[in-house]
Each structure stands twice: as C-alpha cells, then as structure tokens.
Amino acid sequence: MNSPSMVSMFRWMIWRDLLLAWRRRMDVLATLFFFIIVVSLFPLGIGPEPQLLRTIAPGVVWVAALLASMLALGRTFGNDYQDGTLEQLLLTPQPLYLTVLAKVLAQWIVSEVPLVIVAPVLGLQFGLSQNTLWIMTVSLLLGTPVLSLIGSIGAALTLGLRAANVLVALLVLPLFIPVLIFGTGAIEATVTGTDPQPYLLLLGATLVLALAFAPWATSAALRISVE
Amino acid sequence: MLEAINLGCIRGDRRLFRDLNFKLEAGHLLELRGRNGGGKTSLLRILCGLATPAEGEVRWNGKNIRRLREEYFASLSYVAHLNGLKDELTALENLLVAERISGHQQTRQQAGDTLSRVGLANQRHLPARFLSAGQRRRLALARLLASDSSLWILDEIVTSLDDSGVNLARDLITDHVKSGGIAIVATHQKLNLSVANSQVINLSSEEGKILFAIPADQFA
C-alpha cells in the first residue's frame, strides 16, 4: 500500500462523512441550537448581574459544550453500524487507526466547529471582555477535538447496545473532566487577570495524548462491537 | 490461496461447527449450504476477519489473516446481508465512495458504466433510499464488479434479486472465478454455477457436527 493512496483514502473518508452530514444537516443544526439555548438560558435565568455572569460564564459555556457534544456522539458510528457500512469500513485496506481518525475529524468539523464559532457571540451575553472571548475560543479549539476523540471510544464501546446514549454519557463524561477543568481555568484566568497560558498548554498536551491513544482504543472497541 | 485450518465456531452456548478444513486456490469456488442458523454467516465473518474463530485459523497465502489485516483486506470484497449503502447518497455516489475509501481508483465514468452493467443506469442519480430491495442488492453487486479484489465473500447474494438479477450474479461469479479469482458463496438455494473447481460445504450442524463436507483434496 503506497502512501498517496492512503492519503486519498483518508481524504475520501472525511469527504464521505461531511457529505453525509450535509445531507442530514438537521441533525447538526439540532446540536448547535441545543448549545445556543443552554448557554442563553443562564443569563435569562440569573438576571442582569454582570459580575455574577462573568464569574459563571466559563463553566456554563464549557458544560454546555460537553453536553452538546454528547448529543452528537451517538451518530459517530451508530448510522454506519445500522446500515452495514461500518463492516465495510473495517475491511478497507487502510489501518483502522486512520479510518477512525478520519471519522473523528469529520465529526469534529461537523459537530464541534460550529460550537466554537458561535461561542464568542454567546459570550457577549455574559459581558465578557474581548480578550476573554479570544481565550475562550482558543480553549474551545484545543479542547473540543479531545471531546470528539475521547467520545469516540465511548461511542464505539456502546455500539448496538440498548440505552447506548445514557451509557455513553456515564462512560465518557467523567473522562471529560480534565478538559473541563483546563478549559474553564484558561477563561477564568483572563477574568481574574492571571496568565491563561499554562491551562492552554495543558489542554494542548491533553489533545496530543488523546490523538495518540484514542483512535487506537476506538479501533479496538469497534472490532469488539462488530464481532 | 485461502486456507481454513481446523476452524471452530461457538455462538452463545451453541457450537455451530468444528474442525472445518478447506483450501481454495485461484480459480476455485466454495459454496456454503445449510439451513437457517447453521453458521454460514458466522463462517463468512470469520473468513473476512470480522469475527474470531473459537479454534483454528484462516490463512491467506500461508499467513494468518489476523496478522495480515490490511494486506488481506486489500484483496477481499465482502457482500454481507446488509448492503452497506448510505440512504442519503445517490447510487453513483454510493459506488464511488465505497470504492475510493477502499483504495480503488474509480472515475465517475467508470462507476456509471458499472451501474449500467448491473441494470441501474436510470437510477444512478437516485438516492439509495428510493431504491427497491432488489436494486439495492444490485448496487452491492456493482461494488464487487468495480473492485479488483481476488477474493469474493458473498452472503446470500441472490436475496431479493429477480430472475435477471440472479442471472447477473451467476455470470459475475462465474466470470470472476474463471479469470482466476476465488469466490465463497453462502446460499440456501441452488445457484447452478458451472465452475470446474467447485467445492461444497454443508453446514447442517447438529450437536456441533458437520454432517456433510467435501474436503478440498477430493477435488484437487
């Protein structure tokens, strides 16, 4: 297997998932609107107290992002499993690691990138400063791929199970805790006027770790689930 | 060359088969027969490398397929019970995407020709969810036709196909085997394939015994 064709297979995998998502764009929009509504409910519920809103903003945005990405997780492999295309994907002549990586990347582009884009707009409701909004976007950019990567392990493990959605949440949400802590930490640091860089570096390190190990664990889980 | 060595399979607490041996070389055809629940699909999934056998191993050109993996998958095409089609994609897109993610170069022109050969010329731009069960099966056949795999593993390939579809499947398999390919076909109806090197394994397991199997060496 020469490498140009491996690259082309990888590209086509991503293109396939993006095309499928485009054909079912209601699913994607539903996740995005869920995120928007959850984040918007807090300022409405708490009332216009700028100091309080500024304090809770990092936690609210990140928790909403976690919950929104939970909604999208079931779709990562669920549809492919049901129509038999997952078996075909397992039998493609490229390493399963790359197939999984392509699928996770597509899932991130489809379900997480829109959240990252609207997050600064939502942050305005909380009266966050421009610098804080900027750091929030960077922390989401670094953190959301980790959510997709770790989430894919849970999604693969619970394939074909009843109550898979609840089970995924129980499996995966505890693993999201480091991302939540580092992500909110970075935003809080700018609110309180300290340096957010250590948190961002930690998020980056988590991303590198997740990139190295999660697709591998997901591959193993997929083989078990399909058997 | 595909070899099965002392294969055994247990599903749940039921033994489906044990000590299954056969050897298929280029230009060979293996027909799997047996009643429903006899273990045909389980055996096919083991031969694909999707399932692990309880005992024994499968070898491709002398090497265990579990070690070869991608190298083995490159020469394998599997048509399962489920057609593996995406409802949201058109017939043409389904074929193109399936071939390209398997590493086969395939132009739109070629894919269109392949669709014409399986009788889906007028449906090429129709989303797969509007195709009938038989047309979906034909689309799965198109995938086989478009690939250059040497090993075909086919599970109940003629299900929901009409007479001309059955003839098409029969011709495809015969051509493939005659041109030096290997085909393993599970079916509960007679396909009447006219192939010189053909073996039959009947997986009518009762209490885990294979009642009737023709080993490869009798045909050699």
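S7 (residues 151–155) and S8 (residues 182–186) of chain B pair in the parallel sense over five bridges; strands count as paired if DSSP finds at least two bridges between them. Strands here are DSSP runs of E with at least two residues, and helices are runs of H or I with at least four, numbered from the N terminus. From S7(B) the chain crosses through H7(B) to S8(B) in a right-handed β-α-β crossover, meaning that the path from the first strand over the helix to the second runs clockwise with the strands pointing away from the viewer.

This is a predicted model, in which local features need pLDDT of at least 70, side-chain atom pairs count only at pLDDT 80 or more, and totals for chains, interfaces and linings use all residues. Residues are numbered from 1 along each chain as its sequence is written, and chains are lettered from A and ligands numbered from 1 in the order in which they are written.

| Partner of S7(B) | Sense | Bridges |
|---|---|---|
| S6(B), residues 76–79 | parallel | four bridges |
| S8(B), residues 182–186 | parallel | five bridges |

Because five of the five residues of S7(B) are buried, the strand is largely enclosed by the rest of the structure; buried denotes 20 or more other C-beta atoms, placed from the backbone, within 10 Å of the residue's own. Leu151(B), Ile153(B) and Asp155(B) lie on one side, and Trp152(B) and Leu154(B) on the other.

How values were computed
Buried ≥ 20, exposed ≤ 12 C-beta atoms within 10 Å, placed from the backbone.
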